[in-house]
Amino acid sequence: MTDDRIIIKTEDLGFDYASDDGETCALTGVSLRIARGSFTAVIGRNGSGKSTLAKNINALLVPTSGWVTVGGFDTQDEDSIWEIRRLAGMVFQNPDNQLVSAVVEDDVAFGPENLGLPREEIRARVKSSLESVDMYEQRKMAPHLLSGGQKQRIAIAGVIAMRPDVIIFDEPTAMLDPEGRGEVLDIAGRLHREGITVLLITHFMEETVDADRLIIMDQGRVAMDGTPAEVFARTKELRALGLRLPFAVELAEGLRERGVPVPEGLLHEEELAEVLACLHQK
């Protein structure tokens with residue numbers, strides 16, 4: 001893959017957290033290339049290093065060893081931090097930590113205002129960003145009156161208003177109910193289809209099946225890297241890492257073990273249901 005197609009690079013990335021007991025290694029030797037316009041999902045158990053990786057890409061953390069570049073800018077260059085965060089917006093697990101104003105539209109305007117944009121441009125960005133997450137009708141509301149899913153959509157709108165090339169979702173659905181999770185994932189998928197590079201950090205296997213690429217982290221290292229179909233075919237290795245398979249993958253595997261001719265590579269419950277319906281009709 002040529003360099004002009006790569007927007008995120010990490011090379012031998014290492015990161016250590018300092019603690020009272022010394023240093024704790026969170027990342028070791030992580031070398032990745034993320035293509036422009038791609039949808040990459042990163043998953044792993046708690047403590048695997050996936051969120052630390054996200055924060056290093058967004059320059060919230062600086063590598064202990066190795067390096068990270070975003071759009072050609074080195075995250076260790078202090079003069080590039082603002083440009084990196086403009087290029088790579090981040091949506092966090094808890095939307096309350098990302099909302100800063102008492103009115104929804106003011107919150108979404110916060111980033112564009114910091115860019116020093118003209119007032120008309122700010123208004124246009126606020127309107128289009130809220131419309132893109134279906135929250136324009138709530139623009140005059142106080143964020144604390146919204147549901148968790150609505151708050152997360154407002155946080156996403158605030159990132160969209162900055163017009164980033166990359167949006168990093170750091171476990172954005174961890175605190176949401178199933179409906180809220182679905183809303184956020186739908187938005188992530190739509191942003192990807194519109195050409196934005198999406199990096200989704202999650203611990204829900206089902207959330208990764210529509211990604212272009214799936215990276216499995218374990219003990220601070222990349223344990224697997226491939227398409228979701230390629231990774232989920234390695235069922236024994238995934239279980240050895242303490243990870244559960246998506247429901248459709250696990251059920252299909254169980255059916256094959258019982259002699260039901262279910263094809264490999266099924267990732268969605270709808271696909272599996274269609275296959276079983278066809279088998280039942282035969």
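**Close-up views of the predicted model**

**View 1. Val104, Glu105, Val108, Ala109, Pro112 and Glu113 of helix α3 meet Ile122, Arg125, Val126, Ser129 and Leu130 of helix α4.** Contact here means heavy atoms within 4.5 Å. By class, this contact of α3 with α4 holds seven nonpolar, one polar and three charged residues. Ala, Val, Leu, Ile, Met, Phe, Trp, Tyr, Cys and Pro count as nonpolar; Asp, Glu, Lys and Arg count as charged; the others, Gly among them, count as polar. The model is predicted: local features need pLDDT of at least 70 and side-chain atom pairs pLDDT 80 or more, whereas totals for chains, interfaces and linings use all residues. Residues are numbered from 1 along each chain as its sequence is written, and side-chain values use heavy atoms, with hydrogens and water left out.

Helix α3 spans residues 104-114, and its axis lies 9 Å from that of α4, at an angle of about 125 degrees. Axes are lines fitted to C-alpha atoms, for helices over the stretch in contact, and angles run from 0 to 180 degrees between N-to-C directions. The two helices are therefore oblique to each other. Under 35 degrees counts as roughly parallel, over 145 as roughly antiparallel, 65 to 115 as roughly perpendicular, and the rest as oblique. α3 and α4 cross in the right-handed sense. Right-handed means that the near helix is turned clockwise from the far one by less than a right angle; anticlockwise is left-handed. Helices (H or I, at least four residues) and strands (E, at least two) are DSSP runs, numbered from the N terminus.

**View 2. Helix α4 (residues 119-132) crosses helix α5 (residues 148-160) at roughly 135 degrees, and their axes come within 9 Å.** That angle makes α4 oblique to α5. The crossing of α4 past α5 is right-handed. Ser129, Leu130 and Ser132 of α4 touch Ile154, Ala157 and Ile160 of α5. The contact of α4 with α5 has four nonpolar residues, two polar and no charged.

**View 3. Six strands form an open sheet in the order β6-β7-β8-β3-β9-β10, with mixed pairing.** β6 (88-91) and β10 (221-226) are the edges; each has a single partner strand, so one side of each lacks a neighbour in the sheet. Direction ignored, neighbouring strands are turned by 20 degrees against each other on average. Strands pair if DSSP finds at least two bridges between them. β9 and β10 run antiparallel, joined by five bridges. Across that pairing, leucine 214 stands opposite glycine 226 in β10. Helix α1 (residues 50-57) packs on the sheet and touches β3, β6, β7, β8 and β9. The direction of α1 makes about 150 degrees with that of β8.

**View 4. Strand β3 (residues 39-43) is mostly covered, with five of its five residues buried.** Buried means under 20% relative accessible area, exposed over 50%, and partly exposed in between (1.4 Å probe, protein chains only). In a regular strand, side chains alternate between the two faces of the sheet. Phe39, Ala41 and Ile43 are buried on one side of β3, and Thr40 and Val42 are buried on the other. β3 runs parallel to β8 (residues 197-202), joined by five bridges. Isoleucine 43 has threonine 202 as its bridge partner in β8. β3 also pairs in the parallel sense with β9 (residues 213-218), over four bridges. There, threonine 40 stands opposite arginine 213.

**View 5. Ala248, Val249, Ala252, Glu253, Gly254 and Leu255 are the buried residues of helix α9 (residues 247-257).** These buried residues pack against α7 (228-232), α8 (235-240) and α10 (269-281). Glycine 254 counts as buried because its relative accessibility is 17%. The C-alpha atoms of glycine 254 and valine 104 are separated by 47 Å; the two residues are 150 apart along the chain. Just after α9, glycine 259 takes a positive phi of about 90 degrees.

**View 6. Aspartate 12 and arginine 163 have positive phi values.** Most residues other than glycine have a negative phi. Phi is near 50 degrees at aspartate 12, and about 55 degrees at arginine 163. Aspartate 12 lies in strand β1 (residues 6-19). Arginine 163 sits in the loop between α5 and β7 (166-170). Aspartate 12 has 48% relative accessibility, so it counts as partly exposed. Arginine 163, at 35%, also counts as partly exposed.
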